Amino acid sequence: MLQSRALVIALILLLSTTLPEVHSKSIFEKDRRDWLVIPDAIAAYIYETVNKMSPKVGQFLVDAAQTPVVVVTRNFLIRETTKLSILAEQLMEKIKNLWYTKVLGY
């Protein structure tokens, strides 16, 4: 019983977007800053599998994923990971610039 609740909670957190939105995103897109693309793709796969077996449970997952708590949590995670990604990109640019100017002498 506890395991099934944990599974439902994990699925709800993963399935927090609509399927067309997930399928329109490329996991390997170079300029992509949203680190939640892979969990979204996994959630879409899980939803499709569950929906084939039981459309009623699939609809429950969709409804649960659109609850305000899940949406707010997902938006927070997207915002914060985007900030971290931007900082990491800036750090990489500084390191690359330092490498070219100080080490290689360009």
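**Entry 1: the model.** I reminded myself that this model is predicted.

**Entry 2: helices 3 and 4.** I looked up how these two helices meet. The axes of helix 3 (residues 37-53) and helix 4 (residues 55-65) come within 5 Å and cross at roughly 145°. From helix 3, Tyr47, Val50, Asn51 and Met53 touch Pro55, Val57, Gly58, Leu61 and Val62 of helix 4. I sorted the residues of this contact and found seven nonpolar, two polar and no charged.

**Entry 3: isoleucine 46.** I then checked a residue of helix 3, isoleucine 46.

Entry 4: I picked out tyrosine 100, which lies in helix 5 (residues 68-103). Tyrosine 100 is partly exposed, at 36% relative accessible area.

**Entry 5: salt bridges.** How many salt bridges are there? I counted two. In one, the side chains of glutamate 80 and lysine 83 meet at 3.4 Å, N to O. Glutamate 80 and lysine 83 are about one helical turn apart because they sit three residues apart in helix 5. Lysine 96 and glutamate 93 also form a salt bridge, at 3.4 Å, N to O. Lysine 96 and glutamate 93 are three residues apart in helix 5, about one turn. I noted lysine 96 as partly exposed at 40%, and glutamate 93 as partly exposed at 47%.

Technical notes
Residues numbered from 1 in each chain as written. Predicted model: local features only at pLDDT ≥ 70, side-chain atom pairs only at ≥ 80, totals over all residues. Heavy atoms only, no water. Helix = DSSP H or I, 4+ residues; strand = E, 2+ residues; numbered from the N terminus. Axes fitted to C-alpha atoms, helices over the stretch in contact; angles between N-to-C directions. Contact = heavy atoms within 4.5 Å. Nonpolar A, V, L, I, M, F, W, Y, C, P; charged D, E, K, R; others polar. Buried < 20%, exposed > 50% of the residue type's maximum accessible area, 1.4 Å probe, protein only. Salt bridge = Lys/Arg side-chain N within 4 Å of Asp/Glu carboxyl O.
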